[in-house]
Amino acid sequence: MSESTESKGAALRDVWMEAAQRLEDAGVEDARFEAEVLLRHAAAKSRAELYANLTESLDPGALRDFEATLARRIQREPLAYITGNREFYKLDFEVTPDVLVPRPESELLVEAALDHLRRLRVRRAAVVDVGTGSGAIGIAIVKNRRDARLVGIDVSREALLVARRNAQRLIPRRPGDWIQGDLLTPINGPVDCVVANLPYVPEGRLAELEPEVAEHEPRQALTPGTTGTELILRLLTQLGSRLAPQGVALIELDSGQEDTVSAALQRMLPMAVIEVLDDLSGQPRVVKAVNG
Ligand SMILES: C[S@@+](CC[C@H](N)C(=O)[O-])C[C@H]1O[C@@H](n2cnc3c(N)ncnc32)[C@H](O)[C@@H]1O
């Protein structure tokens, strides 16, 4: 280390590598990448700026901030809660501990919804995101389908505040309606597209989840009860009177729940065409029903 670097403090490269080691020791999987994200967050640098300045040092204030965020991550607080954001469908969403961190597998709901809306050829399609959390799924749909009208529903008032802020920033011209309520109860229909990533983890499996999830994400966002399908099955009973002809319902679930949910959907919507969609890892992830 040169004298001038030493007098200013450790070089960014050394701070980064040491942090990566500490995260790895704490059981964080992608330690090197996460250390980089925390460092860029504290230093307020883009990736290119960080890489171009690896021999420079952090100023003392930024170094203190970095140490504080690193300590939180070592305690297995989710990275997205620390940085306050998460990318989903190439959009940057605000995320707080009041909302579930949007998951990459939920992008399948967005893809399938956009695909169906393209075929449907309805103008100003009504899209409802049930259990909207940060609003990620509904907002990503409307961002890519400019004439759609969005309603996001959640039981959590705090989550809706986050969703509304995301909508105002990401789809300011059509920021949608954000309603506190139980499932589809606040809506009369007809709805062209219902997307739902509701809680589906069976209560008894909560303890098996990573500490980031089990100890930090809202319990109300994770589990609906003992089987995991309680809320989804209740949602299905509300679809019949609200889904428009040729409308689509896309419901995210866990592998193993698809048969129960498909069978219930077929009972509720006897004329519907039902399909199970796999995620990128080949696991059943979404049940899709197109109304007759
Ligand atoms: C698994 S999180 C998903 C959040 C968001 N859709 C996403 O994919 O990031 C489930 C959400 O459903 C909400 N929720 C739980 N019970 C609900 C109910 N009965 N009606 C509406 N929303 C509910 C929770 O508050 C939580 O925000």
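Predicted model: local features only at pLDDT ≥ 70, side-chain atom pairs only at ≥ 80, totals over all residues.
The peptide bond joining Gly189 to Pro190 is cis, with omega at about -5°. Most peptide bonds are trans, and most residues other than glycine have a negative phi.

Two residues other than glycine have a positive phi: Ala44, near 50°, and Lys90, near 60°. Ala44 belongs to the loop connecting helix 3 (31–43) with helix 4 (47–52). Its relative accessible area is 66%, and Ala44 is therefore classed as exposed, the cut-off being over 50%. Lys90 sits in the loop between strand 1 (85–88) and strand 2 (91–94). With a relative accessibility of 77%, Lys90 also passes the cut-off of over 50% and so counts as exposed.

## Domain arrangement

The domain assignment divides the protein into domain 1, residues 3–75, and domain 2, residues 98–290. Taken over C-alpha atoms, the centres of domain 1 and domain 2 are 37 Å apart.

## Ligand surroundings

An N or O atom in the side chain of Asp154 is 2.6 Å from an oxygen atom of the ligand. Backbone atoms take part as well: a polar backbone atom of Gly131 is 2.7 Å from a ligand nitrogen atom, and a polar backbone atom of Leu183 is 2.9 Å from a nitrogen atom of the ligand. Taken alone, the ligand exposes 590 Å², and the protein buries 95% of that area.

Is helix 8 (residues 136–143) largely enclosed or left open by the rest of the structure? Seven of its eight residues are buried, so helix 8 is largely enclosed. The buried residues are Ala136, Ile137, Gly138, Ile139, Ala140, Ile141 and Val142. Burial here refers to a relative accessible area under 20%.

Nonpolar side chains tend to be buried together in soluble globular proteins. The largest nonpolar core of this model has 35 residues, and Phe88, Val110, Ile139, Ile141 and Leu250 touch the most other members. At least two residues of this core come from each of strand 2, helix 7 (107–120), helix 8, helix 9, strand 6, strand 7 (243–252) and strand 9 (284–290). Helix 7 gives the most, with eight residues.

## An exposed arginine

Arg173 is located in the loop between helix 9 (157–170) and strand 5. At 79% relative accessibility, Arg173 lies over the 50% cut-off and therefore counts as exposed. Arg173 and Arg146 are 27 residues apart along the chain, and their C-alpha atoms are separated by 9.3 Å.

Notes
Residues numbered from 1 in each chain as written. Heavy atoms only, no water. Helix = DSSP H or I, 4+ residues; strand = E, 2+ residues; numbered from the N terminus. Buried < 20%, exposed > 50% of the residue type's maximum accessible area, 1.4 Å probe, protein only. Polar contact = N/O pair within 3.5 Å; in protein donor to acceptor, adjacent residues only side chain to side chain. Areas by Shrake-Rupley, 256 points an atom, 1.4 Å probe, with all protein chains shown as cover. Domains from an automatic or database assignment. Core = buried A, V, L, I, M, F, W, Y, C linked by side-chain atoms within 4.5 Å.
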